[in-house]
Amino acid sequence: MGCDGGTIPKRHELVKGPKKVEKVDKNAELAAKWKYCALSQEKLKRPIVACELGRLYNKDAIIEYLLDKSAERPNTEVAAHIRSIKDVKELNLTDNPAWEGERHNIKGDCYEDMHCAMFICPVVGLEMNGKHKFLYLQTCGCVFSERALREVKTEICHKCGDPFQEDNLVMLNGSKEEVEKLQKAMEERRLKAKTAKTKSTSLNGEGSSGSCSDSAPGPSTSGECSKMLEAPAGPITGSKRSIQDMKDKSETYKSLFTSHSSAKRTKDQTSNWVTHTPYHF
């Protein structure tokens, strides 16, 4: 049973206290967000896209998800708001010259900096490893650090020169409060687009149906509209063929085949079969 041979148990061995809360390693959490796809959990590789909530994905994983949403995947809830490929934006990232990749340390005998990122800010050179906030533009997809946009204020993209507004900025891998704010802005933007589309559709329908009513309300105009809406009294001739002509041509076409009644023989025209078997003696 133990405790023999002069052993003295200690208090922590006999009394079980409350379990300690497991703390998540911050380095591992940052690596999961900034180095791995949020949907497939595979390492990020070009082309890389971002959604309206600021999550990073591999473009191949998003295409596979959109083609077959019924397939079982571990993290489908992170992409539930993505309806089509238009809901994501391909990022224009700047490579980090200090990034040597993962092949240089295959043997495991070299020091590997876990904070070294594949991409950097093209303005101030900060690495995109999660220690600094980064944003991307929905207009062109270029990625910059928040410090660069704060220090160098401009309405033109630093990398490609395209104009942008403050509403076009999306925080990458933001905090919970920032994600909620982005989700609210996304829902408002989609609602406005849906309302504008419905309004344009209704206006187009009214324009096509009310073309006569929108014209001048004179007697000549009303007479022309009534004539256009009236159906012709007699049969239409000229460009359209009559029903009798169509029937005659149909019968002519059918007579070309042996199954037609005109091609069949009468009983008097048919003859008995004669089998001739020659014998040579």
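## The nonpolar core

A nonpolar core is a set of buried Ala, Val, Leu, Ile, Met, Phe, Trp, Tyr and Cys residues joined through side-chain atoms within 4.5 Å. Buried means under 20% relative accessible area, exposed means over 50%, and partly exposed lies in between (1.4 Å probe, protein chains only). This is a predicted model, where local features need pLDDT of at least 70, side-chain atom pairs count only at pLDDT 80 or more, and totals for chains, interfaces and linings use all residues. Residues are numbered from 1 along each chain as its sequence is written, and side-chain values use heavy atoms, with hydrogens and water left out.

The largest nonpolar core has 42 residues. Those with the most contacts inside it are Leu 39, Tyr 57, Leu 91, Met 128, Phe 134, Val 143 and Leu 172. Several elements give two or more residues to this core, including strand 1 (48–50), helix 3 (59–67), strand 6 (134–137) and helix 5 (176–209). Strand 6 gives the most, with 4 residues. Helices (H or I, at least four residues) and strands (E, at least two) are DSSP runs, numbered from the N terminus.

What is Leu 39 in contact with, leaving aside its neighbours within four places in sequence? Its partners are Tyr 57, Ala 61, Ile 62, Tyr 65, Asn 75, Thr 76, Val 78 and Ala 79. Contact here means heavy atoms within 4.5 Å.

An open sheet is formed by 3 strands in the order 7-6-8, with antiparallel pairing. Two strands pair if DSSP finds at least two bridges between them. Strand 7 and strand 8 are the edge strands, and each pairs on one side only. Neighbouring strands are turned by 35° against each other on average, direction ignored. The axes behind that angle are lines fitted to C-alpha atoms, for helices over the stretch in contact, and angles run from 0 to 180 degrees between N-to-C directions.

Strand 6 pairs with strand 7 over 3 bridges. Leu 135 stands opposite Phe 144 in strand 7. The hairpin of these two strands has 5 residues between them, and Gly 141 there takes a positive phi near 85°. On the other pairing, 3 bridges join strand 6 to strand 8. Tyr 136 faces Val 170 in strand 8, and Leu 137 stands opposite Leu 169.

## Two directions from strand 6

In a regular strand the side chains alternate between the two faces of the sheet. Phe 134 and Tyr 136 point one way from strand 6. Leu 135 and Leu 137 point the other way. Are these four buried or exposed? All are buried.

On a 1 Å grid over the protein atoms alone, a cavity is a set of points where a 1.4 Å probe fits but cannot get out. A pocket is an open set with protein on both sides within 12 Å along at least five of seven lines, and lining residues have an atom within 4 Å of a point. Grid points are joined across faces, edges and corners, and a volume is the space filled by probe spheres set on the points.

The structure holds 2 cavities of 30 Å³ or more.

The largest pocket has a volume of about 780 Å³. Its lining has 24 residues, and Glu 166, Asp 167, Leu 169, Val 170 and Lys 181 lie nearest its centre. Helix 5 gives the most to this lining, with 8 residues.

## Lys 184 on helix 5

Lys 184 is found in helix 5. It counts as exposed because its relative accessibility is 54%. Its C-alpha atom is separated by 9.7 Å from that of Leu 53, 131 residues apart along the chain.
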